[in-house]
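Here is a short briefing to keep beside you while you look around this protein. Take a look at the structure first, and then we can go through a few of its features together.

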Amino acid sequence: MKGILDYQPFKGMYIAYFVLSLLSVKLPYWTIKYSIRSQRPRRAWTLKRALIVRTIRELFSMKVDVGREQKAGRGVDDSTLTDAKFVWVEGIPDELFCGEIRRAAEITGTRPARIPGYWLLKKGYTWTGPKAKPGEKTLLHFHGGAFYIGSAHPSDVTANFTRGLLRYSKSLERTFAVDYRLLAPRGRPPANPFPAALLDAIAAYRYLVHDAGFEPQNVVLAGDSAGGNLVIAVVRHLLENPDPSLPPPGRILSASAWLDMYMSRRGPRSSVVLNAPTDIFDEPPPGEIFTWHVAVSLLGGMDVEEAKTNRYFSPVSLHVVPSDGLFKGFPETYVAAGGAERLLDDSKALVEKMRADGVEVVADIPPDAVHDFVVFTWHEPEHTESLRRISKWIDDM
């Protein structure tokens with residue numbers, strides 16, 4: 001439901017006030033406060049990091065939604081891209097539209113669709129088309145953004161993740177990403193409920209294997225935040241609905257993944273509570289994320305209980321059904337997360353559950369890193385150090 005701040009001129013007036021107070025009052029105050037190391041959210045942080053994190057937290061507290069509505073059906077001219085190429089990815093065929101995603105789609109009215117995709121190229125790479133070279137490796141990235149913001153466009157901040165991997169990896173020459181369908185911004189009619197984003201993610205993987213000709217064992221599926229949720233869901237779909245022509249990828253990479261939408265571990269000693277003062281997004285009003293992003297938009301017409309029990313929504317939830325053996329058969333996995341982020345428990349639970357099911361897992365958790373630190377070039381040295389470790393892991397594949 002829209003409020004007065006969703007209409008002009010009130011929205012513009014509020015944004016102007018917000019920016020003015022941030023620049024003229026809050027930033028100077030924080031600068032003075034954080035000049036004293038003991039006053040910083042983490043003593044190990046530099047003054048610069050403390051100020052950046054506090055500013056991002058403030059931006060997330062805005063009472064108006066400044067996110068842009070996703071424009072469907074628009075291509076991108078390659079002449080506007082410097083280190084990338086644009087392609088269209090067709091929706092999945094009927095034989096892949098099965099299992100849990102088919103059941104959910106019948107409830108929410110979601111169907112496969114054509115989506116935009118981007119090849120991100122290593123510096124100096126000569127583009128000869130999408131077809132894979134013999135034995136070539138690649139990485140498919142699903143961006144984060146709580147399923148309602150973000151983009152696969154090379155100008156988006158999340159492209160810093162794959163651009164960094166291209167820089168440090170000796171074997172990767174290009175990566176791929178898609179603009180999966182997003183939920184509608186607040187105040188607008190709900191759109192693209194589950195499994196829209198997952199259908200698009202599966203389509204992207206199918207494109208790499210069937211159309212571009214990459215061997216599944218040479219593909220790394222990677223995702224940050226909400227994109228990490230998609231990575232797990234794609235592999236789960238492929239394992240539960242085996243297709244000889246589309247086996248699971250060789251490895252998967254999860255970075256600050258959002259894997260428990262119901263926040264079932266929330267409590268005084270949970271990362272959701274303990275890391276609230278140190279992460280890039282503050283503690284929301286009770287139920288805000290759950291009510292809007294999950295119950296209203298993502299679930300569509302599905303039962304609210306599915307947010308905490310459905311293995312595709314919340315694979316590490318304490319209430320997920322079934323509770324055991326959820327990760328048997330998963331490929332080798334790299335789990336990166338920040339020790340200062342609120343979603344840390346999701347990644348820790350993923351590592352624990354995967355190892356219990358016999359999956360080989362690498363856990364990389366820098367103690368003073370925030371949520372999605374792999375996409376922030378200002379988050380040094382953790383940003384570069386983790387990208388180097390991940391790149392070596394890919395090169396050893």
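Let's start with the rings: the count of aromatic pairs in this predicted model comes to 14. One of the pairs, Tyr14 with Phe18, is tilted, with 45° between the planes and 6.1 Å from centre to centre. Tyr14 and Phe18 sit about one helical turn from each other because they are four residues apart in helix 1.

**Helix 1 with helix 2**
- Helix 1 covers residues 10-34 and helix 2 covers residues 47-60; their axes cross at roughly 145° and come within 10 Å.
- The crossing of these two helices, helix 1 and helix 2, is right-handed.
- On the helix 1 side, the contact is made by Phe18, Leu22, Lys26, Leu27, Trp30, Thr31 and Tyr34.
- Helix 2 contributes Leu47, Ala50, Leu51, Arg54, Thr55, Glu58 and Leu59 to the contact.
- Sorted by class, the residues of the contact between helix 1 and helix 2 are nine nonpolar, two polar and three charged.

**Helix 4 with helix 11**
- Helix 4 (residues 159-168) packs against helix 11 (residues 382-395) at an angle of about 60°, and their axes are 9 Å apart.
- That angle is why helix 4 counts as oblique to helix 11.
- Here, too, there is a handedness to note: the crossing of helix 4 and helix 11 is right-handed.
- Asn160, Phe161, Gly164, Leu165 and Tyr168 make the contact from helix 4.
- From helix 11 come His383, Thr384, Leu387, Arg388, Ile390, Ser391, Ile394 and Asp395.
- This contact of helix 4 with helix 11 has six nonpolar, five polar and two charged residues.

**Helix 5 with helix 6**
- The axes of helix 5 (residues 196-211) and helix 6 (residues 226-240) are 10 Å apart, and the two helices pack at an angle of about 70°.
- Helix 5 and helix 6 are therefore roughly perpendicular to each other.
- Ala197, Leu198, Ala201, Ile202 and Tyr205 of helix 5 meet Leu230, Ala233, Val234, His237 and Leu238 of helix 6.

**Confidence in the model**
- The average pLDDT of the protein is 92, and 93% of the residues score at least 70.
- Residues 285-291 have a pLDDT below 50, and in the model this stretch has eleven contacts beyond near neighbours in sequence.

Key. Residues numbered from 1 in each chain as written. Predicted model: local features only at pLDDT ≥ 70, side-chain atom pairs only at ≥ 80, totals over all residues. Heavy atoms only, no water. Axes fitted to C-alpha atoms, helices over the stretch in contact; angles between N-to-C directions. Parallel < 35°, antiparallel > 145°, perpendicular 65-115°, else oblique. Left-handed = near helix turned anticlockwise from the far one by under 90°. Contact = heavy atoms within 4.5 Å. Nonpolar A, V, L, I, M, F, W, Y, C, P; charged D, E, K, R; others polar. pLDDT = per-residue confidence, 0-100. Phe/Tyr/Trp six-rings, centres within 6.5 Å; stacked < 30°, edge-to-face > 60°.
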